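Colleague: I have not looked at this one before. Can you put it up and take me through it?

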Amino acid sequence: MFFKKSSKVNQFRNFALLLVFAGIAIMYVALLFRAHPILMTLFMCIGFIAVLLSSGVYLWVGLLSTKVVPVVCPNCSKPTKVLGRVDLCMHCNEPLTVDPTLEGKAFDKKYNRRSSYKSQESKDHSH
Ligand SMILES: [Zn+2]
């Protein structure tokens, strides 16, 4: 991964911040192509879309943070937030889960994927 291991909220924030800078950088590059209006417009559009996307990510993180579960990390005793079923502690990167069935299992990002949700649900229904 491009980012070092950190909690999901932090990762999304980093990603959004990176997008803002990327968008501004691309729009700056666009100004270098003043002699080529088509290229300039193209770069301007890409840069603008990147900035728009980052605003979208920020909005999304804001909406997601209303769903996070505040917990006290058992490892470092600091309050942290869990997003999804498994997440890492914001302070010490200790894997945490809000799902008791996953407790004690190795941290795995695939538990957050919708497909694994569905396959587990369908298994439960067949019993
Ligand atoms: Zn911790």
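Modeller: We can go through the overall layout, then the helices, then the strands and loops. One thing to keep in mind is that this is a predicted model.

Colleague: Fine. How many helices and strands are there in the protein?

Modeller: The protein has three helices and four strands. Read from the N terminus, the order of the elements is α-α-β-β-β-β-α.

Colleague: And how much of the protein is buried?

Modeller: Buried residues account for 13% of the 127 residues. As for contacts between residues at least 6 apart in sequence, 40% of them join residues at least 24 apart.

Colleague: Now the helices. What does helix 2 look like in numbers?

Modeller: Helix 2 covers residues 37-64, which is 28 residues. From its first C-alpha to its last it reaches 40 Å, close to the 40 Å expected at 1.5 Å a residue.

Colleague: Which residues of helix 2 are buried?

Modeller: Phe43, Ala50 and Ser54 are the buried residues of helix 2. Helix 1, residues 8-32, is included in what covers them.

Colleague: Where is phenylalanine 21, and is it buried or exposed?

Modeller: Phenylalanine 21 is in helix 1. It counts as exposed because it has 12 other C-beta atoms within 10 Å, and the cut-off for exposed is 12 or fewer. Between phenylalanine 21 and glycine 47 the C-alpha to C-alpha distance is 9.3 Å, although they are 26 residues apart in sequence.

Colleague: Which residues does UniProt annotate as "transmembrane region"?

Modeller: The unreviewed UniProt entry gives that annotation to residues 12-33 and 39-61. In the model, residues 12-33 are 95% helix and 0% strand, with the end C-alpha atoms 32 Å apart. Residues 39-61 are 100% helix and 0% strand, and there the end C-alpha atoms are 33 Å apart.

Colleague: On to the strands. How do strand 1 and strand 2 pair?

Modeller: Strand 1, residues 69-72, and strand 2 are antiparallel, with four bridges. They form a hairpin with six residues between them. Valine 69 is opposite valine 82 of strand 2.

Colleague: Which face of strand 2 is covered?

Modeller: In strand 2, residues 79-82, the covered face has Thr80 and Val82, while Pro79 and Lys81 are on the uncovered one. In a regular strand, side chains alternate between the two faces of the sheet.

Colleague: What else is valine 82 in contact with?

Modeller: Apart from neighbours within four places in sequence, valine 82 is in contact with Val68, Val69, Val71, Asp87, Leu96 and Val98. Val82 also belongs to the largest nonpolar core, a group of six residues that includes Leu83, Leu88 and Leu96.

Colleague: Last topic, the loops. What is the phi of serine 77?

Modeller: Serine 77 has a phi near 60°, which is positive, and it is not a glycine. Most residues other than glycine have a negative phi. Serine 77 is in the loop between strand 1 and strand 2, and it is exposed, with 9 other C-beta atoms within 10 Å.

Colleague: And what about the phi of asparagine 93?

Modeller: Asparagine 93 also has a positive phi of about 60° without being a glycine. It is in the loop between strand 3 (86-88) and strand 4 (95-97). Asparagine 93 is partly exposed, with 17 other C-beta atoms within 10 Å.

Terms used:
Residues numbered from 1 in each chain as written. Predicted model: local features only at pLDDT ≥ 70, side-chain atom pairs only at ≥ 80, totals over all residues. Helix = DSSP H or I, 4+ residues; strand = E, 2+ residues; numbered from the N terminus. Expected span 1.5 Å × (residues − 1). Buried ≥ 20, exposed ≤ 12 C-beta atoms within 10 Å, placed from the backbone. Contact = placed C-beta atoms within 7 Å. Core = buried A, V, L, I, M, F, W, Y, C linked by C-beta atoms within 7 Å. UniProt positions renumbered as here; feature names shortened; annotations may be inferred. Pairing = 2+ DSSP bridges.
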